[in-house]
Amino acid sequence: MTILLSTLNARYAHASLGLRYLLANMGALQEQTSLMEFVIGAKTVEVVERLLAKKPRIVGFGIYIWNVEETTKVVAMLKRVAPEVTVVLGGPEVSYETNEQEIARLADYVVTGWGDITFPKLCGDILNGPKPIMKIHAGVQPPMADITLPYTLYTDEDIAHRTLYVEASRGCPFKCEFCLSSLDKTAWPFGIDTFLAEMETLYQRGARLFKFVDRTFNLNVKTSQRIMQFFLDKIAATPDDPVYAHFELVPDHLPEALKATIAQFPPGALQFEIGIQSFNPEVQTLVSRRQDNAKAADNIRWLTTQSHAHLHVDLIAGLPGEDVESFARGFDQLVALGPHEIQFGILKRLRGTPIIRHTEPYKMVYEPYPPYAVLATDRIDFATMQRLVRFARYWDLVANSGRFAHTIKVLLGDSPFANFMAFSDWIYTQLDATHRIALDRLAKLVQAWLQRQGMPAADAAALLASDYAGSAHKPAEKTTHAAPERQVRHLAA
Ligand code: SF4
């Protein structure tokens, strides 16, 4: 094979959309190009051996924050054993601050930004000459209609076993300084008829789980409605063969027409990921995030009470200007709105994002290595930030997992942040770990914590037994949902 497109995905279930776009747009070179995906944690030597077994002349790697360290080792080894193979990098992690990166130093070429037409052109020049002189090639953004959609490249195996990523648009018009999409300045839609025709083909081939990567799905309400109607029609036609769709929404933009469409979805068919990030207006201003907090809260409340959508809402700890008290207020406010999951992330300084301007004034200290998480700010010292990191991890295990759906309400009481922080600090003293915790051990510790808070042992045991975690030994009930397991647990609660 002349050209190999490769990446290390975070999980096997994540099929790389970026690589499939490149393959779909290779033009005359497509027949000489193939994909080879790996998963983080693969042995470097095995990755290199498998790539070289295909005898490629060019290997293109997709580089992301989660795979840059491991891919750096792959590229280093590959260039040592096969220096004649040309290595081309692309992807968000190498699109900014390119010259500062070891992986870029090791590679022959880097395509920054959009690779759809620039990568195939570069490959043509490498193979047929004249040999490109410049190492870094700024990706040219073509009209959206010129980009060949990649969905036929999902194999039957992908459709059966992996999450299918799809996008009806690229980019975002907002400018939140911590986010790479803030550099886009606008959003560009794909032709909706062509896109829906591709979705129809995927559906007919058996696809039932669609994850939209559009940054702001509800930007154009008419388009959002057409896409949602596509799924509603499928559900109406075959209610026993459910379909499931995941969208990212901006929280303060939910016109009545869109609400009416959302309200028609049955349970287990729809998931929304909603970024709140911070409820603190001063912090929002500092990071240039435009958000009407009252409207956002109203919309989340409407979604939790009037729709069956599963809500996954994001908050970020460690933003400039945010101290623990203000974060705690936002957290409690969000808990009161009742989303199914709160994704509590620690700020990361993504390469190229404008948040860097706050580094000095707010004494932001970041990890020097990916994922460049914030370690301390002028408002949150290092030790406290680590407590927040553990809080986030235990929150995921206990609250977001859906395994303690009844118990968590009691555990949080009237002061969710303070109560869960106390639990998090205590459970860490018992476990000395935040990973690889067996569910029955976790359940026992949650029960022990409730008893320490004064709950009679029999009541605590009964409460735990009412949850999935307390009955984890029972065989799982058969489900008719296409939704991922975690959402099904929330539905069962
Ligand atoms: S955080 Fe969301 S709304 Fe803000 S720039 Fe990024 S994608 Fe757009």
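This is a predicted model: local features need pLDDT of at least 70, side-chain atom pairs count only at pLDDT 80 or more; totals for chains, interfaces and linings use all residues.
Residues are numbered from 1 along each chain as its sequence is written.

**Exercise 1**

Describe how helix α12 packs on helix α15.

Solution. Two packed helices are described by the angle between their axes and the distance between the axes. Axes are lines fitted to C-alpha atoms, for helices over the stretch in contact, and angles run from 0 to 180 degrees between N-to-C directions. Helices (H or I, at least four residues) and strands (E, at least two) are DSSP runs, numbered from the N terminus.

Step 1. The axes of α12 (residues 324–337) and α15 (residues 416–431) are 8 Å apart, at an angle of about 105°. This makes α12 roughly perpendicular to α15; angles under 35 degrees count as roughly parallel, over 145 as roughly antiparallel, 65 to 115 as roughly perpendicular and the rest as oblique.

Step 2. On the α12 side the contact is made by A328, F331, D332 and V335, and on the α15 side by P416, F417 and A418. Residues are in contact if their C-beta atoms, placed from the backbone, lie within 7 Å.

Step 3. Six residues of this contact are nonpolar, none is polar and one is charged. Ala, Val, Leu, Ile, Met, Phe, Trp, Tyr, Cys and Pro count as nonpolar, Asp, Glu, Lys and Arg as charged, and the others, Gly among them, as polar.

**Exercise 2**

Describe how helix α13 packs on α15.

Solution. Step 1. For α13 (residues 382–400) and α15, the packing angle is about 95° and the axes are 9 Å apart. The two helices α13 and α15 are therefore roughly perpendicular to each other.

Step 1. From α13, R387, R390, F391, Y394 and W395 meet F420, M421, S424, D425, I427 and Y428 of α15. The classes in this contact are seven nonpolar, one polar and three charged residues.

**Exercise 3**

Find the orientation of α16 and α17 and the residues that meet.

Solution. Step 1. The axes of α16 (residues 439–452) and α17 (residues 457–465) cross at roughly 140° and come within 9 Å. α16 and α17 are therefore oblique to each other.

Step 1. A443, V446, Q447, L450 and Q451 of α16 meet A457, A460, A461, L463 and L464 of α17. Eight of the contact residues are nonpolar, two are polar and none is charged.

**Exercise 4**

List the residues around the ligand and sort them by class.

Solution. Step 1. The residues are C172, F174, C176, C179, S181, S182, R215, T216, V250 and G275, each with its C-beta atom, placed from the backbone, within 6 Å of the ligand.

Step 1. The shell holds five nonpolar, four polar and one charged residues.

**Exercise 5**

Notes:
Two residues are in contact if their C-beta atoms, placed from the backbone, lie within 7 Å.
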